[in-house]
Amino acid sequence: MRKTLALTSRELLAYFSSPLAYVVLTAFLFFNGYVFWLIMAFLNDPRSQAMQPMKLVFGGTIFFWLFLLFVVPVITMRLLAEERRSGTLEVLLTSPVSEAQVVLAKFAAAFVFYVFLWAPTLIYVAMLASKAKIDWGPVASGYLGIAALGLLFLAVGLFTSALVKNQILAAILAFAILVVMFSLGLVENLASGTAVKGALSYLNMWEHMDDYGRGIVDSRHLVYSLSLTGLFLFLATKALEAGKGK
Amino acid sequence: MIEVQGLTKRFVDRTAVSDVSFFVPEGEVLGFLGPNGAGKTTTMRMITGFLTPTEGTVRVGGIELNRDSLALRGKIGYLPENVALYPEMRVAEYLHFRAEVEGVARGEVRARLDEVVERTMLGGVRRQLIGTLSKGYRQRVGLAGAMIHKPPVLILDEPTVGLDPRQIVKIRELITQLGRDHTVILSTHILPEVEQVCRRVLIIDAGKIVADGSPEQLRAGLAGAAELHVQLEAPAAEAQEALAGLTGATEVRAEDDGRFTVAVEGGEDLRRAVFSLAVERRWVLLELTQTTPSLEDVFLRLTTRDSAAAVAGEEDAGAEPGGNPGEGSNGGSVDGPGTVPGDGTNPAPEVTHA
């Protein structure tokens, strides 16, 4: 545990000593602020339907998805690829820490950074709360949804980072996998036949977020993202182990 | 301490290490010598657990790699070839991190940190970012990291590559010191380094061990490689015959001006005999030098896969007194066989043979 913690805190140090972290944070805030303003402007129009603003922030717009699909690979691309490229992986994997520990520690650090990314959006909630009555349930479940999907996306990114030496390649691979996973759910609308439709609906992340944003915590959605998270972390560990035998 | 049995590593396209076995007793400094691409790094990576052997076993302090890889990794301090460090960390931060990862007890971290910083002379750069350090300092940080958990075994892969001569001397002194309380495997292709630091040498070539022994043994083992250079004022034919008649002389080559080169077998020192011969026949002795083969000769002979003629040619060039700067410590000297040239006490000339 102490070793994992040491690895995680080293990783966080690496995050916050690189300019990339600040670029991502700034871009994220700027972008989200703009989207929030758009949503406010839209809802202020008397012709628009009454909706909960935070629900729109949580996956209600394509911006949310675009940003998540782009940003998560950027967060994770460095994690293992850079260690492999620079050779520090050799030091790490010849220390008395297991591959699983390394993967978990890196994953934890990436998640902390992800939470850090989202934390400032609580300001929007505070702003809304000061002007209107807020239904706290959906807000909480919305953040839960963001966390659950974040875990899954980060696990995919960590996995591709374990595969290659080149950070950019790791990011592109993660982006490709994520886009396939995301769009697989969207195909639901084109499918015919209840079985296929049902299966695709299970994979539809947009719908998942829609539910979370409405205050529905569906255990199927949680199982979906958590089980896939586990799978990708397992694959990342195996990728590290396989590197030794080749 | 370290027991390697039938270690083999096959990559998809080639066999990097094949059937390597050796044993390193506790407290020994073993020099692991070989040309580039001979399989040194691969072997070390297998011992440290970074690569899984295709065949064979590694045991360190009684722990088998395949059984309990984590426990074995804890016993080894490893400095990989290119000393990979995290540039964004400060020296003390990095060492603290290494201490935690290597499992140094919480209460001891501080004391260990102070000790390794002192031993590797990093006191002045504790607060400095690793990315801003020079290569020599980084090498020392890597070394400090490798010994932070007091491992009984240190494995150092080319620890002096890319350093300037002064730094090389310092790192070698440090390794010699470390050899007193650690078992060390040191890989290198710098020959004087091995002569100074190691009591035993393992030469590996094309993935196989081709020689194993102390530097003296390896040199002595090369029959006929010692050479006696004599210059006499004497009838050439008669002198040649007389020299060939000495015990231990295997071949006499006559050169101009009454110079002779005598190939000497297995550790004989012919200087006394030649002197007596000259006195007896009333020849004037102008020059008398016996050279032992350098480790370089041994190395070249064992690892050169050209024709025998080419090997002989290399030896000629190498044995020319003063003709090859690499000879430095023993070329042209009157050291008898078995003397270690530059036995660590005198900093031998910093000539790299890379």
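Is B:A206 buried, exposed or partly exposed, judged by the other C-beta atoms within 10 Å? B:A206 is partly exposed, with 17 such atoms within 10 Å. A residue is termed buried at 20 or more other C-beta atoms within 10 Å of its own, exposed at 12 or fewer, and partly exposed in between, with C-beta atoms placed from the backbone.

The model is predicted: local features need pLDDT of at least 70 and side-chain atom pairs pLDDT 80 or more, whereas totals for chains, interfaces and linings use all residues. Residues are numbered from 1 along each chain as its sequence is written, and chains are lettered from A and ligands numbered from 1 in the order in which they are written.

**View 1. Two residues of chain B with positive phi.** B:A206 has phi near 50 degrees and is not a glycine. B:A206 sits in the loop that links β9 (200-205) and β10 (208-213) of chain B. Helices (H or I, at least four residues) and strands (E, at least two) are DSSP runs numbered from the N terminus. B:K150, also not a glycine, has a positive phi of about 50 degrees. The loop between α5 (135-146) and β7 (153-157) of chain B holds B:K150. B:K150 is partly exposed, with 14 other C-beta atoms within 10 Å.

**View 2. Chain B as a whole.** Chain B has 12 helices and 14 strands. Of its 354 residues, 44% are buried. For contacts in chain B between residues at least 6 apart in sequence, 67% join residues at least 24 apart. A contact requires C-beta atoms, placed from the backbone, within 7 Å.

**View 3. The side of chain B that touches chain A.** Here 22 residues of chain B contact 22 residues of chain A. On chain B, the elements giving two or more residues are α2 (69-75), β6 (76-79) and α3 (91-101). This side of chain B comprises 12 nonpolar, 6 polar and 4 charged residues. Nonpolar covers Ala, Val, Leu, Ile, Met, Phe, Trp, Tyr, Cys and Pro; charged covers Asp, Glu, Lys and Arg; the others, Gly among them, are polar.

**View 4. Helices α4 and α10 of chain A.** The axes of α4 (residues 62-76) and α10 (residues 167-186) of chain A come within 8 Å and cross at roughly 145 degrees. Axes are lines fitted to C-alpha atoms, for helices over the stretch in contact, with angles from 0 to 180 degrees between N-to-C directions. Residues making the contact include A:W65 and A:L69 of α4(A), and A:F175 and A:F182 of α10(A). By class, the contact has 11 nonpolar, 1 polar and no charged residues.

Notes:
Contact = placed C-beta atoms within 7 Å.
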